[in-house]
Amino acid sequence: VQTCALPISHNDQRSCHNFQQTGHCRFGTKCIYSHDVNVLPSATREKPDDTPEQQKAKADYYSWKRLIKSPPRANDIETIRLLWSGALDILEGEDREGRQMLPRDLDNGEYCGLQHMKTILTMQTHPRGHRTYVDLARPFLLVMSHPALLDCLTVDTSVGNLYNFISGSNGSRAILFFQNLSKNLLEQHLETISGDSSTAVEKTLDATTITLRELLRREARAAFNDDLPDLLNSLENIAQISLGDSVAAQRICKRVGEIRTMVARANRLLHEEEEPAVNGVSTTAVTSTYPREIIL
């Protein structure tokens, strides 16, 4: 008995399930079901293309990512400038995915983000280099104090790792960096006083105090660093000298006061923990561990 197969019809009114869901079908033209775009789900059919601004933001992100894939080179000022100003542009740009990937990329052990961070944290100033130091440090601090990093729970683990690296042992790396920054800020102010300089100092001090406050929030041991009180005095003095009685100076000094409160609280808690409980003697209750359960 000879049977005949039904002819394949490409005009079958039933829609291809794969094409409906994804817009693609692995059978291509051999599929017997309809690939009519008019029956695609609205989410697939009406997906808008990226705007020119979004396309540029994505391109900028991939250009920036190439920078952290290579280790830093000695005295490569231009790469430092491009890396941190580029990172700031991404955080303030239209590419949401890029904003969330940036801290993860910096924290990624396969890239060189932490090495680039160490480069800027350990910069040294030579004669007439005060302005260059501050101009390079400012975008780095604006990145680390940016709301896209500090207020986003999805990247909090990576941001915490970055702050841990900035801190170093008991805050030693961070405090030394902030000390160098404050000296260079003061020297820059003494060298040139202008409206532009005041604006730059305001941005730098704002980012510095936000970053320092966040550092102490995440790295409690940094509050016990012996050089921290002098650093806070220095930042407050620079704000008053550079910005006078302005609203900006008041805002920065208020934040310095908040940091002092954090330090005082940490030291008070440490003192309470170390203080003997009764008549100069403290005891610890020891409970017997016998018999112990044996885990085979």
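The lining of the largest pocket divides into six nonpolar, seven polar and two charged residues; here Ala, Val, Leu, Ile, Met, Phe, Trp, Tyr, Cys and Pro count as nonpolar, Asp, Glu, Lys and Arg as charged, and the others, Gly among them, as polar. This is a predicted model, in which local features need pLDDT of at least 70 and side-chain atom pairs count only at pLDDT 80 or more, while totals for chains, interfaces and linings use all residues. Residues are numbered from 1 along each chain as its sequence is written, and side-chain values use heavy atoms, with hydrogens and water left out.

**Largest pocket**

- The largest pocket holds about 290 Å³ of space. A pocket is found on a 1 Å grid over the protein atoms alone, as an open set of points with protein on both sides within 12 Å along at least five of seven lines, and its lining residues have an atom within 4 Å of a point. Grid points are joined across faces, edges and corners, and a volume is the space filled by probe spheres set on the points.
- Its lining consists of 15 residues, and N75, I77, M123, Q124 and L136 lie nearest the centre of the pocket.
- Two or more lining residues come from each of α4 (77–91) and α7 (130–144). Helices are DSSP runs (H or I, at least four residues), numbered from the N terminus.
- α7 provides the largest share of this lining, three residues.

**Largest cavity**

- The whole structure contains one cavity of 30 Å³ or more. A cavity is a set of grid points where a 1.4 Å probe fits but cannot get out.
- The largest cavity has about 50 Å³ of space.
- P72, R73, D76, T79, I80, W84, H116 and T119 line the largest cavity. The elements giving two or more of these residues are α4 and α6.
- α4 gives the most to the lining of the largest cavity, namely three residues.
- By residue class, the cavity lining has three nonpolar, three polar and two charged members.

**Loop residues with positive phi**

- Most residues other than glycine have a negative phi.
- N75 is not a glycine, yet has a positive phi of about 60°. N75 sits in the loop between α3 (52–68) and α4.
- N75 counts as exposed because its relative accessibility is 76%. The cut-offs are under 20% relative accessible area for buried, over 50% for exposed and in between for partly exposed (1.4 Å probe, protein chains only).
- R128, also not a glycine, has a positive phi of about 65°. The loop between α6 (113–121) and α7 holds R128.
- R128 has a relative accessible area of 75%, so R128 is exposed.

- α9 has twelve residues and spans 16 Å from its first C-alpha to its last, close to the expected 16 Å. The expected span of a helix is 1.5 Å times one less than its number of residues.
- Buried residues of α9 are S158, V159, G160, L162, Y163, F165, I166 and S167.
- S167 belongs to helix α9 (residues 156–167). S167 is buried because its relative accessible area is 2%.
- Apart from neighbours within four places in sequence, S167 is in contact with S172, R173, A174, L215, E219 and A222. Contact means heavy atoms within 4.5 Å.
- Helix α10 (residues 172–191) has 20 residues and reaches 29 Å from first C-alpha to last, close to the 28 Å expected.
- A174, I175, F177, F178, N180, L181, S182, N184, L185, Q188 and H189 are the buried residues in α10.
- An α-helix has 3.6 residues a turn, so residues three or four places apart point the same way.

**A248 in helix α13**

- A248 is in helix α13 (residues 247–274). A248 counts as buried because its relative accessibility is 9%.
- The C-alpha atoms of A248 and E202 are separated by 6.8 Å, although these residues are 46 residues apart along the chain.
- E202 and L243 are in contact with A248 when its neighbours within four places in sequence are left aside.

**Cysteines**

- The structure has zero disulfides, a disulfide being a pair of cysteine sulfur atoms within 2.5 Å.
- C112 is buried because its relative accessible area is 10%.
- C152 also counts as buried, because its relative accessibility is 16%.
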